[in-house]
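Visitor: Could you show me how to read a side-chain contact and a helix in a model of this kind?

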Amino acid sequence: DVRSRSIYHYRGISAMRLYLSPARHAPGSNMGVDGRDERTRMDILAGKVAERIRIIAPCIEIKTNKTLTLRGAIKQSNVWGADVHIALHSNALGGGAKGIEAWIYPGNIRMEMLARLIMLSISELTGIPARKATPSRWGKWTDTKRDGWQDGPYLIEVNDTKADSILCECYFHDNREDLQAFESRIDEAAELIAAGIAEFMIGRY
């Protein structure tokens with residue numbers, strides 16, 4: 001299990017492996033106030049993050065899912081042997097909520113550190129409030145959040161991936177202020193996400 005070893009473990013001379021997994025909701029679902037769906041927005045963000053990492057940290061191998069189902073992405077990440085798995089999402093809660101959230105595997109301090117770095121960097125850039133990095137719980141499905149915890153199969157991308165993993169909800173796409181704050185600076189946000197990942201995986205580039 002990758003979680004049991006140091007993130008600085010290398011396979012001989014081969015590169016570290018990053019799996020970027022943008023949201024795989026059905027096209028036309030999870031619509032934002034800008035009229036675009038979550039899948040489209042996160043495909044764009046993942047592409048920008050990957051492009052930046054290839055420039056600043058070419059030693060990191062990157063695989064990005066654009067066609068597989070969620071289960072397919074998890075399987076591909078595990079079979080490929082990803083060291084870090086980052087799922088990129090935007091959030092929704094009736095238009096009244098805002099902020100950046102992240103979910104991590106319970107007890108994974110390394111991913112909590114990276115999640116906080118990403119959230120605080122984006123918050124400082126955009127003014128979107130950073131909420132918290134929360135452990136994904138094993139348990140029955142519920143439709144509600146309680147005390148910042150969320151149960152259910154939606155978080156299999158945190159629980160079932162072998163790599164160190166984060167599911168990051170970058171902003172609320174049903175909140176116009178949140179969405180505009182992020183999308184207006186998406187290139188800079190992608191650069192911050194990429195820089196955080198690169199620094200975490202291989203040290204300062």
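Visitor: With which side chain does the side chain of Asp164 make a polar contact at 3.2 Å?

Guide: A polar contact is a pair of N or O atoms within 3.5 Å, where, within protein, one must be able to donate a hydrogen and the other to accept it, and residues adjacent in sequence count only if both atoms are side-chain atoms. Here the partner of the Asp164 side chain is the side chain of Arg110 (3.2 Å), and the Asp164 side chain also makes a polar contact with that of Asn108 (2.6 Å). This is a predicted model, in which local features need pLDDT of at least 70 and side-chain atom pairs count only at pLDDT 80 or more, while totals for chains, interfaces and linings use all residues. Residues are numbered from 1 along each chain as its sequence is written, and side-chain values use heavy atoms, with hydrogens and water left out.

Visitor: Is Asp164 buried or exposed?

Guide: Buried means under 20% relative accessible area, exposed over 50%, and partly exposed in between (1.4 Å probe, protein chains only). Asp164 counts as buried because its relative accessibility is 0%, and it is found in strand E6 (residues 164-172), strands being DSSP runs of E of at least two residues and helices runs of H or I of at least four, numbered from the N terminus.

Visitor: Which residues of helix H2 are buried?

Guide: An α-helix has 3.6 residues a turn, so residues three or four places apart point the same way. In H2 (residues 70-80), the buried residues are Gly72, Ala73, Ile74, Ser77, Asn78 and Trp80. After H2 comes Gly81, with a positive phi near 85°.
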